[in-house]
Amino acid sequence: MSRLSQAKVPEHVAIIMDGNGRWAQGQGQARVYGHQSGAQRVRDVVEAAGNAGVKVLTLYAFSEENWRRPAEEVNALFSLLVSYLKQEIDQLHENKVRLRSIGFTDKLPPDCQEWLKLVEARTQNNDGLQLVLALSYSGRSDLVRAMQRMAAAVKEGLIAPEDIQEETVSNYLSTQGLPDPDLLIRTSGEQRLSNFLLWEMAYTEFYFTRVHWPEFSPEHLKEALREYADRDRRFGAVRMDKPVC
Ligand code: IPE
Ligand code: IPE
Ligand code: MG
């Protein structure tokens with residue numbers, strides 16, 4: 001692909017990796033087969049995002065609502081996560097990727113938590129792509145927890161209610177310190193947020209594709225980046241190159 005002008009590359013891309021189950025079904029296979037195939041797409045997409053100049057890539061890997069799925073499927077998803085972390089730790093580090101997780105990760109199986117901590121610690125000083133995994137994540141729960149913590153800080157006299165500004169709220173969320181996503185990609189045709197980064201996506205550009213996640217390739221990512229480059233982000237303002245009256 002011709003390299004996009006750096007000014008048009010989204011700094012933060014968030015992806016809802018959807019459609020593993022339907023893709024597997026279409027192949028006459030069980031849902032878990034779809035998750036296995038989906039997990040294999042992650043490596044290439046992470047690499048392609050970094051090469052394109054994206055600074056932060058947030059992947060929605062497991063929502064808080066996904067706990068409602070059968071235990072067999074949930075267990076398979078977390079064992080795939082551990083395999084991914086084990087397999088990729090060296091390569092991620094070599095590529096200068098910094099890993100971080102968001103969400104209620106204390107609910108994850110202990111081996112998952114340990115591997116996440118290990119990869120986070122190993123890659124913490126890297127200055128390449130920041131890879132954020134959303135695990136047991138819920139935008140509303142993250143906001144509720146932020147509100148509880150802000151209320152506690154007010155009660156302890158650490159902050160006054162009028163000190164609570166937009167930036168304060170951002171700083172109490174698990175995405176603290178990250179820029180808001182510029183581009184959201186959701187695969188598999190669904191056009192909803194499914195409780196992902198609700199506060200952070202106030203001005204995010206949305207890109208929906210019918211491609212199921214196990215078939216989402218670096219070329220599909222580049223297509224999304226190309227479309228993003230053509231979008232006109234106004235943030236409520238007007239373009240100043242045309243007369244107002
Ligand atoms: C996305 O694929 C993976 C997770 C939600 C963990 P799905 O499992 O949601 O696949 P569909 O939407 O049922 O096809
Ligand atoms: C959203 O996908 C969560 C992830 C991709 C991890 P779902 O498949 O769980 O979302 P719904 O249920 O279709 O809204
Ligand atoms: Mg789904």
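Predicted model: local features only at pLDDT ≥ 70, side-chain atom pairs only at ≥ 80, totals over all residues.

How far does a polar side-chain atom of Arg186 lie from an oxygen atom of ligand 2?

Analyst: The distance from a polar side-chain atom of Arg186 to an oxygen atom of ligand 2 is 3.3 Å. For Arg192 a polar side-chain atom lies 2.8 Å from an oxygen atom of ligand 2, and for Ser194 the value is 2.6 Å. On its own, ligand 2 has 390 Å² of accessible area, and the protein covers 78% of that. The ligand sits in the largest pocket.

Now to strand E1. Five of its five residues are buried, so E1 is largely enclosed by the rest of the structure. Side chains in a regular strand alternate between the two faces of the sheet. In E1, Val13 and Ile15 point one way, while His12, Ala14 and Ile16 point the other way.

E1 pairs with two strands, described in turn. With strand E2, residues 56-63, the pairing is parallel and runs over five bridges; here Leu59 of E2 is the bridge partner of Ile15. With strand E5, residues 183-186, the pairing is also parallel, over four bridges, and Ala14 has Leu184 of E5 as its bridge partner.

The residues around ligand 2 include Ile16, Tyr60, Ala61, Phe62, Ser63 and Arg186. E2 gives the largest share of this shell, four residues.

Conventions
Residues numbered from 1 in each chain as written. Chains lettered and ligands numbered in written order. Heavy atoms only, no water. Buried < 20%, exposed > 50% of the residue type's maximum accessible area, 1.4 Å probe, protein only. Pairing = 2+ DSSP bridges. Near = heavy atom within 4 Å. Polar contact = N/O pair within 3.5 Å; in protein donor to acceptor, adjacent residues only side chain to side chain. Areas by Shrake-Rupley, 256 points an atom, 1.4 Å probe, with all protein chains shown as cover. 1 Å grid on protein atoms, 1.4 Å probe; cavity = no way out; pocket = protein on both sides within 12 Å on 5 of 7 lines; lining within 4 Å. Sits in = over half its atoms within 2 Å of the grid points.
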